[in-house]
Structures are given as structure tokens and as C-alpha cells.
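Here is a short report for a reader meeting this structure for the first time. Please look over the sequence and the model before reading on.

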Amino acid sequence: TCESRRASQCRPQRVPTSHDIRRSTLTHARHAHPPSVRYWRLWNQPVHKWMLRHVYFPITGLGVHKFMAGIVVFFVSAVLHEVLVGVPLHMVRGWAFWGLMAQIPLIWLTEMLKRYFKSDRIGNAIFWISFCFLGQPVAEILYYHDFRKLST
């Protein structure tokens with residue numbers, strides 16, 4: 001009971017806020033994974049949580065290894081990206097699909113280089129170059145090229 005303890009121990013416990021949980025999640029993710037993995041886990045929390053709930057957990061529940069379940073999640077996400085880009089343009093070309101699937105070996109390469117150089121900076125550089133400067137712009141150019149070809 002509270003009478004038998006010091007007053008400092010009798011204070012009500014503070015309930016963690018959503019900010020505390022988000023900060024804890026970001027701090028854990030920042031130290032536990034390379035930049036490319038952190039990006040895919042944190043950039044779109046609703047989609048990430050949906051993929052965990054409806055793809056990753058059911059697959060791992062069947063006994064599939066975590067790494068293979070992660071590849072399946074990337075595959076499902078890649079198919080959905082291709083559908084979301086290709087269907088409105090009336091052309092499914094696979095550029096979004098293969099762009100997303102290329103992230104899997106890139107994550108592996110990033111992890112190897114991070115260990116070799118003993119630094120997270122190389123992973124950060126690879127992520128920004130491959131995703132922001134090459135990946136999405138090249139995919140957009142390819143879709144635009146194919147779209148123009150169909151229009152003429």
C-alpha cells in the first residue's frame with residue numbers, strides 16, 4: 001500500500017503518449033537497421049502496419065522464415081505499386097514493380113558495405129542516390145516514354 005512506501009513511489013505512473021511511443025519506435029529503428037530498411041518501415045506507417053498485419057504475420061505464422069516473409073511483403077508491395085501506376089496510365093510495364101524489387105539486393109549490398117566501412121554513411125548515400133536520384137526519376141521517365149509512345 002501507499003502508506004508503507006515513500007511518497008515518491010506512490011505517485012501515479014505516467015501513461016505513455018503517442019509521441020513517446022513514436023519516439024521510442026523511431027529511436028529503436030534508427031539504431032537497429034540500415035537507412036534503407038528504416039525508410040521502408042517508417043515512411044508510411046498505415047501501409048507498413050497493414051502489410052505486417054495482412055501479409056507478414058500470416059506468412060511467418062505458417063512457419064516461413066522472416067527473410068522470405070520480407071521478400072513476399074516487398075513482392076506484394078511491388079505488385080500494388082505497379083497496379084497503382086500502370087492501371088491509371090492504361091499500361092502495365094513493370095517499371096514500378098522492378099524498381100521496388102531492386103531494393104531487396106540493394107538492402108543487402110548496403111548492409112555489406114556498412115560492415116566493410118564500419119559506418120552508416122555509406123548506406124545513407126546509397127539510399128539517397130538509388131531511391132531519390134535514380135530510382136523514382138528513372139521510373140517516371142520510363143513510364144512517360146512508354147506513355148508518349150502509346151499516344152502517338
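The sections below go from the overall fold to single residues.

## About the model

This is a predicted model: local features need pLDDT of at least 70, side-chain atom pairs count only at pLDDT 80 or more, and totals for chains, interfaces and linings use all residues. Residues are numbered from 1 along each chain as its sequence is written, and side-chain values use heavy atoms, with hydrogens and water left out.

## Overall fold

The protein has 7 helices and 0 strands. Helices (H or I, at least four residues) and strands (E, at least two) are DSSP runs, numbered from the N terminus. From that end, the order of elements is α-α-α-α-α-α-α.

Of the 152 residues in the protein, 27% are buried. Buried means under 20% relative accessible area, exposed means over 50%, and partly exposed lies in between (1.4 Å probe, protein chains only). The protein exposes about 11200 Å². Carbon and sulfur atoms supply 67% of that area. Accessible areas come from the Shrake-Rupley method with a 1.4 Å probe; for residues, only the protein chains shown count as cover.

Contact means heavy atoms within 4.5 Å. Among contacts between residues at least 6 apart in sequence, 49% join residues at least 24 apart.

## Helix α4

Helix α4 covers residues 66-89, 24 residues in total. From its first C-alpha to its last it reaches 35 Å, close to the 34 Å expected at 1.5 Å a residue. That expected span is 1.5 Å times one less than the number of residues. Just after α4, H90 takes a positive phi of about 60 degrees.

Which residues of α4 are buried? They are A69, V73, F74, S77, A78, E82 and G86. V79 is also found in α4, but V79 is partly exposed, at 34% relative accessible area.

V79 belongs to a nonpolar surface patch with F75, V83, V87 and V92. Together these residues have about 410 Å² of accessible area. Patches are made of residues with over 30% relative accessible area and no salt bridge; like charges are joined within 9 Å, and nonpolar side chains (Val, Leu, Ile, Met, Phe, Trp, Tyr) within 5 Å.

## Nonpolar cores

In soluble globular proteins, nonpolar side chains tend to be buried together. A nonpolar core is a set of buried Ala, Val, Leu, Ile, Met, Phe, Trp, Tyr and Cys residues joined through side-chain atoms within 4.5 Å. The largest one here has 7 residues: F74, A78, F97, L100, M101, I104 and I107. The elements giving two or more residues to this core are α4, α5 (95-101) and α6 (103-117). The largest share, 3 residues, comes from α5.

F97 is in contact with F75, A78, V79 and E82, leaving aside its neighbours within four places in sequence. A second, separate core has 6 residues, including M51, V55, I59 and V73.

## Salt bridges

A salt bridge is a side-chain nitrogen of Lys or Arg within 4 Å of a carboxyl oxygen of Asp or Glu. How many are found in the whole structure? The search finds 3.

R93 forms one with D146, and their closest N and O atoms are 3.4 Å apart. This pair links distant parts of the chain. R93 is in the loop between α4 and α5, while D146 is in helix α7, 53 residues away. R93 is partly exposed, at 37%. D146 is buried, at 9%.

E111, K114 and R115 are linked in a network of salt bridges. K114 meets E111 at 3.7 Å, N to O. The two are 3 residues apart in helix α6, so about one helical turn separates them. R115 pairs with E111 at 3.8 Å between the closest N and O atoms. These two also lie in α6, 4 residues apart. Both K114 and E111 are buried, whereas R115 is exposed, at 52%.

## I122 and helix α7

I122 lies in helix α7 (residues 121-151). At 25% relative accessibility, I122 counts as partly exposed. Leaving aside neighbours within four places in sequence, I122 is in contact with L113, K114 and F117. The C-alpha atoms of I122 and T110 are separated by 7.3 Å. These two residues are 12 apart along the chain.
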